[in-house]
Amino acid sequence: QVQLLESGGGFVVTGGSLRLSCAVSGSSSINAMAWFRQAPEQEREFVAAIRWNFDHPYYADSVKDRFTISKDNARNTVYLQMNRLKPEDTAKYYCASDSISMGFGDSYYSDATTYDYWGQGTQVTVSS
């Protein structure tokens, strides 16, 4: 059974930093990993993704130059370093895994339907 476990969320003031981690267990096939977020009463939105075997990252425009996605293949773990946080970054952050490659490119990796496994989420709150 595939499980994704996020950690690292918390409370931070504007301009601060947090690092999220997501450990994958029970999976023998990972094509890509991603982070999405969802604020109250808003739709889930793409944050960042990374191809597992090519180290190629994708970012939403809203986080580009502030957030960095990285991975440790040996530990089956993906990270999201979040710098210069803003109140509008407040949301629950979800880790997701794509185990079957059915496409490529920005539109594929930013689409929530691409991913077949999801974590439970970790809350990030940024105060003004």
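**Legends to the close-up views**

At a relative accessibility of 48%, R84 counts as partly exposed, in what is a predicted model throughout.

**View 1. R84 in the loop between β8 and β9.** The backbone of R84 has a phi near 50°, which is a positive value in a residue other than glycine. The residue sits in the loop that runs between β8 and β9, and its relative accessibility of 48% places R84 in the partly exposed class, because residues between the 20% and 50% limits of relative accessible area are assigned to that class.

**View 2. N76 in the loop between β7 and β8.** Phi is positive at N76 as well, with a value near 50° in a residue that is not glycine. N76 belongs to the loop between β7 and β8, where strand β7 comprises residues 67-72 and strand β8 comprises residues 77-82.

**View 3. The salt bridge between R66 and D89.** The closest N and O atoms of R66 and D89 are 2.7 Å apart in this salt bridge. The pair links distant parts of the chain, 23 residues apart, with R66 in the loop between β6 and β7 and D89 in the loop between β8 (77-82) and β9 (91-98). R66 has a relative accessible area of 6% and is buried, and D89, at 0% relative accessibility, likewise counts as buried. The two residues are also members of a network of salt bridges in which R37 and E45 are linked with R66 and D89.

**View 4. The salt bridge between D55 and K71.** In this pair, the closest N and O atoms are 3.9 Å apart, a distance that still qualifies because the cut-off for a salt bridge is 4 Å. D55 is exposed, with a relative accessible area of 52%.

**View 5. The salt bridge between K64 and D61.** The side chains of K64 and D61 meet with an N to O distance of 3.2 Å. D61 counts as exposed at 66% relative accessibility, while K64, with a relative accessible area of 40%, is partly exposed. This pair is one of six salt bridges that the structure holds.

**View 6. The whole chain, as a setting for the close-up views.** The protein chain has one helix and eleven strands, and from the N terminus on its elements follow the order β-β-β-β-β-β-β-β-β-α-β-β. Its radius of gyration is 14 Å, close to the 14 Å that the globule rule gives for 128 residues, so the chain is as compact as a globular protein of that length. The C-alpha atoms fill a box of roughly 40 × 25 × 25 Å along the principal axes. Of the 128 residues, 46% are buried, and among contacts between residues at least 6 apart in sequence, 57% join residues that are at least 24 apart. The accessible surface comes to about 6700 Å², with 46% of this area belonging to carbon and sulfur atoms. The chain carries 11 positive and 14 negative side chains, and the centres of these two sets lie 6 Å apart.

How values were computed:
Residues numbered from 1 in each chain as written. Predicted model: local features only at pLDDT ≥ 70, side-chain atom pairs only at ≥ 80, totals over all residues. Heavy atoms only, no water. Helix = DSSP H or I, 4+ residues; strand = E, 2+ residues; numbered from the N terminus. Rg over C-alpha atoms; globule rule 2.2 N^0.38 Å. Buried < 20%, exposed > 50% of the residue type's maximum accessible area, 1.4 Å probe, protein only. Contact = heavy atoms within 4.5 Å. Areas by Shrake-Rupley, 256 points an atom, 1.4 Å probe, with all protein chains shown as cover. Lys, Arg positive; Asp, Glu negative; His and termini not counted. Charge placed at Lys NZ, Arg CZ, Asp CG, Glu CD.
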